[in-house]
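I opened my notebook today to look up a few local features, one at a time. Here is the structure I was working from.

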Amino acid sequence: MATETQNEPETAMRNRDLTVTLQPLERLAWNFWWSWAPDGTEVFRDLDPGLWQQCEQNPRALLAQVSDLRLAQMAADPTFSGRVRRLTERFDTYMSDTRPSPKLNVSARITRENPVAYFCAEFGVHNSLPLYSGGLGILAGDHLKSASDLNLPLVAVGLFYRFGYFRQRLNREGWQEETYRAALANELPLQSVDDETGRPMLVEVSMRGRLVRARAWLADVGRIRLYLLDTDVAENEEVDRLVTGHLYGGDRETRLVQEKMLGIGGARLLRKLGLQPSVFHLNEGHSAFLTLELTRELIESEGLDFAAASERVRERCVFTTHTPVAAGHDEFSADLIDKAFGNWYETALGLSREEFLALGRVNGSSEEAFGLTPLALRMCHSTNGVSRKHGEVSRELWQKMWPNRSPNEVPITSITNGVHPGTWVAPVMRRLYEQHVGDDWIERARDASVWAYGVERISGEELWQAHSLLKQRLVAFIRDHSFDARLARGESEDFIEAARTMFDPAALTIGFARRVAGYKRWDLLLSDPERLTTLINDPERPIQFVFAGKAHPQDQNAKAVLQRLITWQRDSSVRHGIAFIEDYDQEVARQLVQSVDVWMNMPRRPLEASGTSGQKVAINGGLNFSVLDGWWLEGYDGDNGFAIGDLSELPEEEADRREAESLYRVLTEEIVPRYYTRDTAELPSQWVAMMKRSIQTLVPIFSSDRMVAEYAERIYTLTT
Ligand SMILES: *Cc1c(COP(=O)(O)O)cnc(C)c1O
């Protein structure tokens, strides 16, 4: 059951007269830099903690709503105003520093006037800007932040969805329900991109036989500009206003027109802004129509034919594929393409209908649908997957496009995903790194030897104490969330009360949070509930589990799996040691990845293209316990975490059985004993040694700074 709740009528945000000492907060609120700056989140939170939570960590909403009394109190608090001043000074220093990072070898072609243009259908910059659904969006957000930190000239283009991803609630039967809440541009730090007359600049794209217009919003992400197209303008017909209405909602046709707007509208927007990107990066195939618009432009301006023009376009476009399964790649029937494009192929590109459709087909057969991945593969200079294994899988998957080559000759390379350190590191861990690795620990993180030496200097006690603080915070978070959720569902009084005492900060805590999708194999864990119950209730060495994750609204099977877990978790024999946190999002993710002892992942191989949540865990000292797939296949060295199963290739059922068995075996024989073995000072020394090893070996590699530098040095150079 999906409901759409409109927020209160759009009221203009109140402009506050902040006193001098707090005045800079207004400016800070307009750039997402605060969200990864040390003390950034904390300054806004401390202005009014209750309200901060209520307005979902949106600083603009906070500043509009905070009471006069609270403002006056905080303005008169010298400690607080000192923090505001220091934060502002750091912001100004950051923004005025235009030197490229010495860590970055940028091609001379990439400049402020000729930046990289990064296109993606979702961006997970911060929870308060809900324009993402999962891993792809979070990755894109981290890409922008690292590009900002490294001072790589880059502009980003995406869509402003009025209804972003759904909110998840469970009803009393444990069934997932969805609600959609409207995102309101005027409550977010989004500036309208206007023309000379002060009216919103509009780009026009013809679709379904008429012109559809979009305005653009600008979000500042550090030094990076993120432009978001929005078709909700009065000039459009009612249905066209909804083109950017829902993220991945609606039918195939809506998806197609959305992707036309992203690719074609996005290219037109950059042109109107006077930008001439030297490289266009298609992050996933959703924006692939962009290549056709660039071709059309060259045909028109230089009188080239399609072949010559598209050859020139290829010299400037690069493509990253994220999907290891054939069915996950976007494609459309020829009918839909006809409907959306009319005879554009002829008037704009000088192609016949068949020639046009062949651009999106693997071998041109008229039975084939039009796929955005074949289009991108054809029209881009390079293609990469997002981990070494995923590169290999993609070469096999798309070998059919190069029938005369063997899979290892298919021109698809890989760059392994990483996470943005400043965004994902917990403040207490950041402090340890500052003390022992240096204030510039993030810049030095790529230098494995400096990092290894620095982490060695953190004493076991210090590290364990920091981690224990985070676990206490997690337990409080779990109790708080569970209490509120149970109350809201009208559960029995004793079940609601039980939330206050659930979980033990000293017990081994395992986290598992991801989409409830078939290949993530949530059901593997529940394959032996009795054994699990025994583990949870072990009097000496108990385990506790915290879960989170959403099922796709239309995926009834996934919802049924979730329901089984929820129902089981209510049983009085396990409910003190199992928690399900509703509505997995960036903030819930942050709480979990910063605090668990062990992060579990058991996707069906080789379907995890990369995965990044385990990388967020590593930077916070947690240990990974995962199937050897995606990034973990590269990260695992035998001593820095735990593996589920091995690399043998087995039929699905057999693999499921073997890996479930391995999961329980490693848990009971390796993880539990190591965690609970304490030395005389009650310190789990072996465990702590492993935490250090995990930090030393994983953080230098799996950071988005390394990832973006690799894109700059290997892909954006357009030489591969
Ligand atoms: C990091 C993150 C993801 C991606 O993690 P996976 O390892 O691919 O599961 C998804 N959703 C959120 C909210 C995240 O923070």
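**Before starting.** I reminded myself that this is a predicted model.

**Entry 1: strand β3.** I looked up residues 154–159, which form β3, and asked how many of them are buried. Six of the six are, so I noted the strand as mostly covered. I then checked which way the side chains go: L154, A156 and G158 point one way, while V155, V157 and L159 point the other way. Both sets are buried.

Next I went through the pairing partners. Strand β2 (residues 116–119) runs parallel to β3, and four bridges join them. Within this pairing I found A117 bridged to V155. I also followed the chain from β2 to β3: the path goes through helix α7 (residues 135–149), and this β-α-β crossover is right-handed. Strand β9 (residues 224–230) pairs with β3 as well, again in the parallel sense, over five bridges. There, I noted L228 of β9 standing opposite G158.

**Entry 2: helix α24.** Which residues of α24 (residues 529–536) are buried? I listed L532, T533, L535 and I536. Looking down the helix axis, I saw that these buried residues fall within an arc of 160°, so they line one face of α24. On the other side, E530 and T534 are exposed.

I then asked what the buried residues of α24 pack against.

**Entry 3: S704.** I found this serine in helix α31, which spans residues 704–715. Is S704 buried or exposed? With a relative accessible area of 0%, S704 is buried. I set aside neighbours within four places in sequence and looked up the remaining contacts of S704: D142, S146, G418, V419, H420 and P421. Of these, D142 and S146 carry numbers that fall in the range of α7 (residues 135–149), the helix from my first entry.

**Entry 4: cysteines.** How many disulfides does the structure hold? I counted zero. For C120, the nearest cysteine sulfur belongs to C380 and is 14 Å away. C120 itself is buried, at 1% relative accessibility.

How values were computed
Residues numbered from 1 in each chain as written. Predicted model: local features only at pLDDT ≥ 70, side-chain atom pairs only at ≥ 80, totals over all residues. Heavy atoms only, no water. Buried < 20%, exposed > 50% of the residue type's maximum accessible area, 1.4 Å probe, protein only. Helix = DSSP H or I, 4+ residues; strand = E, 2+ residues; numbered from the N terminus. Arc of directions from axis to C-beta. Contact = heavy atoms within 4.5 Å. Disulfide = S-S within 2.5 Å. Pairing = 2+ DSSP bridges. Right-handed = clockwise from strand over helix to strand, strands pointing away.
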